[in-house]
Amino acid sequence: MEQHSQHFKENAARALADASAVAQRDILALFTPLMREAAVSEFGDFAALRDHVKKMRQHTLDNLDYYLARFELEATNNGNRIHYAETAEDMNSIVLDICQQHGARKVAKGKSMVTEETGLNDFLQRGGMEVLETDLGEYIVQQAGETPSHIVGPALHKTQQQIREQFLENHDLGERDLESIGDLVGEARTVLRDHFLEADVGIIGSNALIAENGYSMLVTNEGNGDLCANLPSVLIICTTLDRVLPRAEDATAIQRLLVRSATGQPQTCYTSFYSGPRRAQDADGPLETHIVLLDGQRTDILASDYSEMLRCIRCGSCLNHCPIFAATGGHSYGWVYPGPMGSVLTPLLTSLEASEALPNACTSCGRCEEVCPSAIPLPDMLRDLRHEQSVQKITPASWRNGLRLHAWIATRPRLYQALTGIGISLMHRLGGKKGGFSKLPLASGWTSKRDFPAPQGETFMRQYRRRSQSNER
Amino acid sequence: MSESINPRVSLFVTCLADLMRPSVAFASIRLLEQAGCIVDVPLQQTCCGQPGYNSGEYEATIPIARQTIELFEHAEYVVAPSGSCAGMICHHYPKLLDGEWRERALALAEKTFELTSFLVDVVKLESAPAVSTDLPPITYHDSCAGLREMGVKDQPRQLLKTLCDVEINEMQQSDVCCGFGGTFCAKMPDISEKMVDDKLRNAGNSGATLLTGGDLGCLLNIAGRARRQGLELEVRHVAEILSGDLYSPAIGEGD
């Protein structure tokens, strides 16, 4: 996908200027945490499950070669064909090749952030395929010519009214009201049903690859993934190699965390396990199944200081709890993955330069880490990325030098207290009567939006030293 | 509580209390003394190093961390009227340092506390000279680092109840960041503005006219924005309220 992360601040300013979109995001930011909280508190010992899954994920990543080899063996025995793709381009080419080998024209696609990352739809369309997204949110976004704003709810930025107007304009179905959400869903279902039946190839993602039996798990609420997987004669599962887990019960453990963290449901409407192509005794299912495993720099991340990021299960909880995501919306982040997980992943998967603003779009409030089902230390990672930006001199020199000067003075207590003693008394004399400053040199970022409160008077250290001295006398 | 009858506390003043609002440090000393502590203030202290650290200037922050450790490691307890500075010492110094320094950082972390959690959890302050009885309706902003790094949530509320006999008008999303974030508010002013406006709206909707909290960074941000917007919201550090210091100008108010 084309990247616009370098314009994060401008994107955010635009997003903040749209009052109705702001109101919609405010509601989501209020309710999605409440939904998660209700589900988590009903579960029982969520923390213990989280700790277990964290360890299990870390163990798998630490032994990724072993579990990948086992998955490949088992999945191949089940009749799947496994393809390894080092780059996004490799994945796209492998998928197009498979489509072309079958003379395919139509592709039905389930929700997959990995294929957003590789820009698969555009690639297939350029190769002559008709590609239709079948997840309702993805369908809406694709029809609007947009990209997902949220990794779980791709069209959460759209209002019901906007979707209604979009459907009325795009679906040639005559006079109708489409007043209710049910009407909208029903219409999308009708339009999509034909496409499922006509599609030559189905493409879906995967929430987990199970090493012990070679199955792939998919969690959905709409059942569209199953239709993509079972109706067309060819199924392609596109995912990344870090999705692999040792055992079936590890996949269900992830599922319990994922669903509660993502939508606050105890269970999604559909949790499917795909074993492979139709067997002689099966009534239906694809005739041929492919699993394309993308590296896409995951092995680089695994070898880096950011390997814990690979524990991410894409629940979107960090997005739902991030006040900056709530303020700016997902599109402001300018690439595939927004919010805290995106601000870590985007620099790692693209470049630190092109993503300069993202690690800085964080107040270290810690809410993301608190709710992360994989206990990923997102604020630490974002700060580490800021450190790398400083080391690589991507951070503006004025910031680096200013902060280093502050640190240098702070390690010279006599100088520090002399300078602050003079400066603070001066500031109090200038601003104490009014209570604050509406403009202040070197603090324009602060004073552009708020007054700078005046210091109360002399510094504490001056006052305290004087009191101690007079007590001694 | 430790065996010693009078716990000895070294106050980590915090740079914001030192520079912007000394009354917070004096109030902290009074509260600690009311709780029976013997308080000293190491005179060589400056800043915990968060501005540089949070911006990723790790190398520049290491000497600050070492200086703070050397200055405070012989204390029985270290108390700071700030969750974020206490969190810096307890959780981030050990990440920043290696080897022997890391061990010393961990030892310091063991005995370092945020003020209200020290008063409630360690010395169990349950009564104090009666302070103001007619406080305006009051709401509490849970500062992020205090809440999530230092576990400060019930302690300030409990103290306001027992010492001032006041119930909090809880605001919606009291635990959501106010948009300060250290250098964040200067780097991304538009987003920070939205966040602090949300905080002010929630505070206003609670019916409170006095907002308090445990971290001056947040309070300066909230008060500065309230002034800019012309809102009638008093902002004070919780230590000031608990110690009965309600008559000096609130944050951002003129003398």
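Ile89(B), Cys90(B), Tyr93(B) and Pro94(B) of helix H5(B) meet Arg102(B), Ala105(B), Leu106(B), Leu108(B) and Ala109(B) of helix H6(B). Contact here means C-beta atoms, placed from the backbone, within 7 Å. By class, this contact has 8 nonpolar, no polar and 1 charged residues. Ala, Val, Leu, Ile, Met, Phe, Trp, Tyr, Cys and Pro count as nonpolar; Asp, Glu, Lys and Arg count as charged; the others, Gly among them, count as polar.

This is a predicted model, in which local features need pLDDT of at least 70 and side-chain atom pairs count only at pLDDT 80 or more, while totals for chains, interfaces and linings use all residues. Residues are numbered from 1 along each chain as its sequence is written, and chains are lettered from A and ligands numbered from 1 in the order in which they are written.

**Helix pairs**

Helices (H or I, at least four residues) and strands (E, at least two) are DSSP runs, numbered from the N terminus. Axes are lines fitted to C-alpha atoms, for helices over the stretch in contact; angles run from 0 to 180 degrees between N-to-C directions.

| Helix pair | Angle | Axis distance |
|---|---|---|
| H5(B) (residues 83–96) and H6(B) (residues 99–110) | about 170 degrees | 8 Å |
| H16(A) (residues 339–349) and H18(A) (residues 378–391) | about 40 degrees | 10 Å |

H5(B) and H6(B) pack at an angle of about 170 degrees. That makes H5(B) roughly antiparallel to H6(B). Angles under 35 degrees count as roughly parallel, over 145 as roughly antiparallel, 65 to 115 as roughly perpendicular and the rest as oblique. H5(B) passes H6(B) in a left-handed crossing. H16(A) also passes H18(A) in a left-handed crossing. The term applies if the near helix is turned anticlockwise from the far one by less than a right angle; clockwise is right-handed.

In chain A, Pro340(A), Met341(A), Ser343(A), Val344(A) and Pro347(A) of H16(A) meet Leu378(A), Met381(A), Leu382(A) and Leu385(A) of H18(A). That contact divides into 8 nonpolar, 1 polar and no charged residues.

**Sheets**

Two strands pair if DSSP finds at least two bridges between them. In chain A, 4 strands form an open sheet in the order E8-E5-E6-E9, with mixed pairing. Its edge strands are E8 (244–245) and E9 (270–274) of chain A. E6(A), residues 216–220, runs antiparallel to E9(A), joined by 5 bridges. Val219(A) stands opposite Thr271(A) in E9(A). Helix H12(A), residues 248–263, packs on this sheet, and its direction makes about 20 degrees with that of E6(A).

Chain B has an open sheet of 3 strands, ordered E5-E6-E7, with parallel pairing. Its edges are E5 (138–141) and E7 (234–237) of chain B. Neighbouring strands are turned by 30 degrees against each other on average, direction ignored. E5(B) is joined to E6(B), residues 210–213, by 4 bridges. Thr139(B) has Leu211(B) in E6(B) as its bridge partner. H12(B) lies across E5, E6 and E7 of chain B, at about 170 degrees to E7(B).

**Between the chains**

60 residues of chain B are in contact with 54 residues of chain A. Elements giving two or more residues to the chain B side include H2 (22–34), H4 (58–72), H11 (189–205) and H12 (216–229) of chain B. By class, that side has 29 nonpolar, 17 polar and 14 charged residues.

Conventions: Contact = placed C-beta atoms within 7 Å.
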